[in-house]
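Hi there,

Here is the structure I promised to send over. Please have a look at it first, and then read on for what I found.

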Amino acid sequence: MNYFYKSLDNYEILDILKDMPYYNEWFNIVKGILESKEFQKRRLFFHHENECLWTHCIRVSYKSYLYAIKHKINAKNCAIAGLLHDFYTKAWHPSEGLEQLEDKYREKLEHPRKLKLKEMHGFNHPVQALENAKEYFPEYMNERIENAIITHMFPMSLVNETKWPKYRESFAVWYIDKYISWTNLSSNPKNLSKYFGIKKKNK
Ligand SMILES: [Fe+2]
Ligand SMILES: [Fe+2]
């Protein structure tokens, strides 16, 4: 695959996954998103600790896909929702790579202000991700994928307009995102606040 940006990680997640079960089936579903320049900008976003957002979203997507096959849930919906669940625009951790992008991606970092609860990253990023997904990848969207994206931080989604996970895909992506995020952050219980988008990663 042609990459537009150098990843912040020291490895390529797709190279790691490529020999895993159902990889080709999964890849064919999400290929158009992965190849887009807009989605590849997430290679320059830090997400949890030192893992970039590109890697996190791919992990959640692929693992949600496997989980869905095992539990007879719609696997295509899970692959797409998993990939786009954190497709937010405004980076909330600094990284040098972000300087390659337009100002809007650094807005939160360069112009910090006191935020209301529903504007804080942990509450707001699923809303941003859904708006963005509908803008850039409308052909991939459906009601079930949209619900999975916007409720992936449930119960924090109770402050959003769409409050409740309604479909099995939503619960699958919710569960896999929690599992993967917690695996990354569990070395220190203090990291929980980072997961909920209340505290930033260590500089
Ligand atoms: Fe998220
Ligand atoms: Fe996530």
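To start with a convention: angles under 35 degrees count as roughly parallel, over 145 as roughly antiparallel, 65 to 115 as roughly perpendicular, and the rest as oblique. Please keep in mind that this is a predicted model, where local features need pLDDT of at least 70 and side-chain atom pairs count only at pLDDT 80 or more, while totals for chains, interfaces and linings use all residues. Residues are numbered from 1 along each chain as its sequence is written, and chains are lettered from A and ligands numbered from 1 in the order in which they are written.

**Overall fold**

The chain has 10 helices and 0 strands (DSSP runs numbered from the N terminus: H or I of at least four residues for helices, E of at least two for strands). The C-alpha atoms fill a box of roughly 45 × 35 × 35 Å along the principal axes.

**Helix 4 and helix 5**

The axes of these two helices come within 7 Å and cross at roughly 160° (axes are lines fitted to C-alpha atoms over the stretch in contact, with angles from 0 to 180 degrees between N-to-C directions). Helix 4 and helix 5 are therefore roughly antiparallel to each other. Among the residues making the contact are Ser64, Tyr65 and Ala68 of helix 4 and Cys78 of helix 5 (contact means C-beta atoms, placed from the backbone, within 7 Å).

**The core**

Buried residues make up 38% of the 203 residues in the chain. A residue is buried with 20 or more other C-beta atoms within 10 Å of its own, exposed with 12 or fewer, and partly exposed in between, with C-beta atoms placed from the backbone. The largest nonpolar core has 44 residues, of which Cys78, Leu84 and Ile149 touch the most other members (such a core is a set of buried Ala, Val, Leu, Ile, Met, Phe, Trp, Tyr and Cys residues joined through C-beta atoms within 7 Å). Helix 4 gives the largest share of this core, 8 residues. Leaving aside residues up to four places away in sequence, Cys78 touches Ser64, Tyr65, Ala68, Ile73, Glu169, Ala172 and Val173.

**A loop residue**

Met156 sits in the loop between helix 8 and helix 9. Met156 counts as partly exposed, because it has 19 C-beta neighbours inside 10 Å.

Best wishes

Conventions:
Two residues are in contact if their C-beta atoms, placed from the backbone, lie within 7 Å.
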